[in-house]
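Dear colleague,

I am passing on to you the structure that follows, and below it I have set out what was found in it. Please read the text with the model open beside you.

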Amino acid sequence: MSLWQRIVYISKATFANADRGPVIEPQIGRILMQSRRNNPTRGLVGALYYGDGHFFQVLEGEAAAIDALLDTLRKDPRHDDLTVLSRVRIEQPSFSGWSMKYVAAADEVRRLLASFGHRRFDPYDFDDMQVASMVALLQHRPPAPDLHAEAPSRRDRDDAARLARRALAVGAAALLLSLLAIVLAWRR
Ligand SMILES: Cc1cc2nc3c(=O)[nH]c(=O)nc-3n(C[C@H](O)[C@H](O)[C@H](O)COP(=O)(O)O)c2cc1C
């Protein structure tokens, strides 16, 4: 039996609404950094959408990890009115590989809203079908380009440091060999 669950929740941002087009609101950048730092250790994956002052987040993981994060999220002053729209058991995660995928306000979302007869992104008005359509959009849409890369993991950073040390050692050895060759040539 699968232990995975998916929840969808919505909330209202408490910071000044600054939909800056392709530029990501710094507050959202910070939320993504925290999510990408914390979620992997908790076995959580998911996606976040922000538009017109509203968050729409999908979280997938084990029930206990989801509940623990929900407790934290309810205390976060950057948003309020957190409302869980759905919670279902799933066979496998649909956002695997994404500690938190970010999808920026996009034409596709606008088109979806228009098909619902909405001009603004207000998920408090969504019915079940509209919630499911939004989840499907987050699953299939490419992430925002400037946040495509996940934050480098500690292992990535260690690997980079090891490579840099190796390159330095090779450089130093090459320099020594060149000096030796010069000295030998000079003595002849
Ligand atoms: C809309 C929204 C979504 C968030 N999503 C996550 C998340 O997926 N994972 C996470 O760890 N924190 C998330 N946070 C941040 C948490 O509320 C909390 O600030 C953070 O987990 C604290 O992390 P720290 O103890 O490492 O500083 C989110 C906050 C907001 C406002």
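Tyr-49 and Val-135 are 86 residues apart in sequence, yet from C-alpha to C-alpha they are 9.9 Å apart in space.

Before going further, please note that this is a predicted model, in which local features need pLDDT of at least 70 and side-chain atom pairs count only at pLDDT 80 or more, whereas totals for chains, interfaces and linings use all residues. Residues are numbered from 1 along each chain as its sequence is written, and side-chain values use heavy atoms, with hydrogens and water left out.

The chain as a whole

The protein chain has five helices and five strands, and when it is read along the sequence these follow the pattern β-α-β-β-α-β-β-α-α-α. Of the 188 residues in the protein chain, 38% are buried.

The ligand and its surroundings

Which residues are closest to the ligand? They are Arg-37, Asn-38, Asn-39, Asp-76 and Arg-78, and 18 residues surround the ligand in total, a residue being counted as near a molecule if one of its heavy atoms lies within 4 Å of it. The residues of this shell divide into seven nonpolar, seven polar and four charged, where Ala, Val, Leu, Ile, Met, Phe, Trp, Tyr, Cys and Pro count as nonpolar, Asp, Glu, Lys and Arg as charged, and the others, Gly among them, as polar.

Several side chains come within the range of a polar contact, that is, a pair of N or O atoms within 3.5 Å; within protein, one must be able to donate a hydrogen and the other to accept it, and residues adjacent in sequence count only if both atoms are side-chain atoms. An N or O atom in the side chain of Asn-39 is 2.8 Å from a nitrogen atom of the ligand. A polar side-chain atom of Ser-35 lies 3.4 Å from an oxygen atom of the ligand, and an N or O atom in the side chain of Arg-42 is 3.3 Å from an oxygen atom of the ligand. The protein covers 83% of the 620 Å² of accessible area that the ligand has on its own, with areas taken from the Shrake-Rupley method with a 1.4 Å probe.

Two or more residues of the shell come from each of α1 (26-42), β3 (54-62) and α2 (63-74), and α1 gives the most, with seven residues.

Arg-6 is found in strand β1 (residues 4-13) and counts as buried because its relative accessibility is 17%. The side chain of Arg-6 makes a polar contact of 2.8 Å with the side chain of Glu-60. Glu-60 also lies 7.6 Å from Phe-95, C-alpha to C-alpha, although the two are 35 residues apart in sequence. Phe-95 lies in the loop between β4 and β5 (101-103), and at 0% relative accessibility Phe-95 is buried.

His-54, found in strand β3, is buried as well, with a relative accessible area of 8%. A polar atom of the side chain of His-54 lies 2.7 Å from the backbone oxygen of Phe-121.

Most residues other than glycine have a negative phi. Against that background, Asp-52 has a phi near 50 degrees, a positive value in a residue other than glycine; Asp-52 lies in the loop between β2 (45-51) and β3 and is buried, at 13% relative accessibility. Asp-81 has a positive phi too, near 60 degrees, but its place is in strand β4 and Asp-81 is partly exposed, with a relative accessible area of 41%.

Val-84 is also found in strand β4 (residues 79-89), and Val-84 counts as partly exposed because its relative accessibility is 33%.

With kind regards

Conventions. Helices (H or I, at least four residues) and strands (E, at least two) are DSSP runs, numbered from the N terminus. Buried means under 20% relative accessible area, exposed over 50%, partly exposed in between (1.4 Å probe, protein chains only).
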